[in-house]
Amino acid sequence: METNFAELDSIIHSRVRLAIMVLLLQTESANFTYLKKEIDVSDGNLSSHLRKLEEAKYIKMKKSFENRKPKTAISLTDKGRTALDEYTKNLEEYLHLVSENKQK
Amino acid sequence: MDQITNEQALEVIKDMIERRKMKHNQTGFYHLLWGILISCAIVAMYVLVGSGLDHLIVYSWAIFVVGGAVASFVYAKRTYEKQGSSKDLDLGLSSIWIGTMIAMFFVAFIFPILNAYKWHVIYTMVCLLIGIANISTGILIKQKISLFNGILWWIGSILFLIIRNELVFMGVFVLLLVVNNIIPGFHLYNLARKQNGN
């Protein structure tokens, strides 16, 4: 069975970025610490993946201060939501194909 | 390396969804809060009836209901700050319980003042409202125990219309509180602590 990666969005198709997108899909907004804890990655690693998603306009980051501490609220954009929706549809189709081929 | 196969992508999606699900067992707080508050309200009611101060019952209910609303609001806000995320389900659960409290304020304070019914009907109405909150919570967080508790509260609401003996009345209510709120509350709270690694 040939794996067709071209159909899947290469920006989302990475462990950390996919995890970020799925977590954000389920939340209104999340902060950096929460994502770091849930995905179990280093600060630098998470920052670089967030930057990549932000450049693609899949997420937006709103910086603010609370009790003089910097806070970053991260959320999915409409474009990001659509891209993740498309990604999961393609993934589902792929897995369905694999399952059909196995039965044959 | 961050490269993944399509099968691994599916695992990542499943894993992240499961992680979010775990957070919702923190609703044990609401069970406990309401179990304790209503227990206090009943003790206060019993003392007031015994002292011939029946007219103050509605005020004691109002204090506990407003106290519960404030505590729930503060808890919801602190949970958001601690978790670092918020979601529609969190908002839904908070809304159900805060909405229940507002309805209870009417049922246990406003309506009795307006002489809509006698004070003992408060029990039946309160049982119905807590039943709705428990069943809605159970459906949202997929916890059978909460669904079961909601049904028991509704059965309780019928019992309170039938029972006439005051002591039996109080006993049944306390039993319902322990079985429906205190025990499941501790269970859900401990489950959340384990799942969150605390």
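The side chain of Thr77(A) reaches the backbone nitrogen of Gly80(A) at 3.0 Å, a polar contact under the criterion that a pair of N or O atoms lies within 3.5 Å, that within protein one atom must be able to donate a hydrogen and the other to accept it, and that residues adjacent in sequence count only if both atoms are side-chain atoms. The structure is a predicted model, in which local features need pLDDT of at least 70 and side-chain atom pairs count only at pLDDT 80 or more, whereas totals for chains, interfaces and linings use all residues; side-chain values use heavy atoms, with hydrogens and water left out. Residues are numbered from 1 along each chain as its sequence is written, while chains are lettered from A and ligands numbered from 1 in the order in which they are written.

Thr77(A) is located in the loop between strand S3 (69-76) and helix H4 (78-103) of chain A, where helices (H or I, at least four residues) and strands (E, at least two) are DSSP runs numbered from the N terminus. Thr77(A) counts as buried because its relative accessibility is 15%, the classes being buried under 20% relative accessible area, exposed over 50% and partly exposed in between, for a 1.4 Å probe and protein chains only. Elsewhere in chain A, Ile39(A) belongs to helix H2 (residues 32-39) and is buried, with a relative accessible area of 2%. The C-alpha atom of Ile39(A) is separated by 9.7 Å from that of Arg17(A), the two residues being 22 apart along the chain.

Side chains of opposite charge can pair when their charged atoms come close. With a salt bridge taken as a side-chain nitrogen of Lys or Arg within 4 Å of a carboxyl oxygen of Asp or Glu, the count over all chains comes to 3 salt bridges. In chain A, the side chains of Lys36(A) and Asp43(A) meet at 2.9 Å, N to O, in one of these salt bridges; Lys36(A) is partly exposed at a relative accessible area of 32%, and Asp43(A) is partly exposed at 40%. Asp85(A) forms a salt bridge with Lys89(A), for which the closest N and O atoms are 3.6 Å apart, and both residues lie in helix H4 of chain A, 4 residues apart, or about one turn of the helix. Asp85(A) is partly exposed, with a relative accessible area of 41%, and Lys89(A) is likewise partly exposed, with 45%.

In chain B, Lys14(B) forms a salt bridge with Glu11(B), the closest N and O atoms being 4.0 Å apart. These two residues are separated by about one helical turn, because they are 3 residues apart in helix H1 (residues 6-23) of chain B. Lys14(B) counts as partly exposed at 47% relative accessibility, and Glu11(B) is partly exposed with a relative accessible area of 47%.

The secondary structure of chain B comprises 7 helices and 1 strand, and its elements run α-α-α-β-α-α-α-α from the N terminus on. Of the 198 residues of chain B, 47% count as buried. Among the cysteines of chain B, Cys40(B) counts as partly exposed at 35% relative accessibility, whereas Cys127(B) counts as buried at 0%.

A nonpolar patch on the surface is formed by Leu53(B), Leu56(B), Tyr59(B), Ile102(B), Phe106(B), Phe111(B), Ile113(B) and Leu114(B), with about 700 Å² of accessible area together. Patches are made of residues with over 30% relative accessible area and no salt bridge, like charges being joined within 9 Å and nonpolar side chains (Val, Leu, Ile, Met, Phe, Trp, Tyr) within 5 Å; accessible areas come from the Shrake-Rupley method with a 1.4 Å probe, and for residues only the protein chains shown count as cover. Helix H4 (residues 88-113) of chain B contributes the largest share of the nonpolar patch, 4 residues.

Aromatic pairs were assigned to rings of Phe, Tyr and Trp (its six-membered ring) whose centres lie within 6.5 Å, with planes under 30 degrees apart counted as stacked, over 60 as edge-to-face and the rest as tilted; the count comes to 2 such pairs over all chains. The pair of Phe105(B) and Phe106(B) is edge-to-face, because the ring centres are 6.5 Å apart and the planes stand at 90 degrees. The rings of Phe106(B) and Phe111(B) have their centres 6.0 Å apart and their planes at 50 degrees, so this pair is tilted. Phe105(B) counts as partly exposed at 25% relative accessibility, as does Phe106(B) at 39%, and Phe111(B), found in helix H4 of chain B, is partly exposed at 32%.
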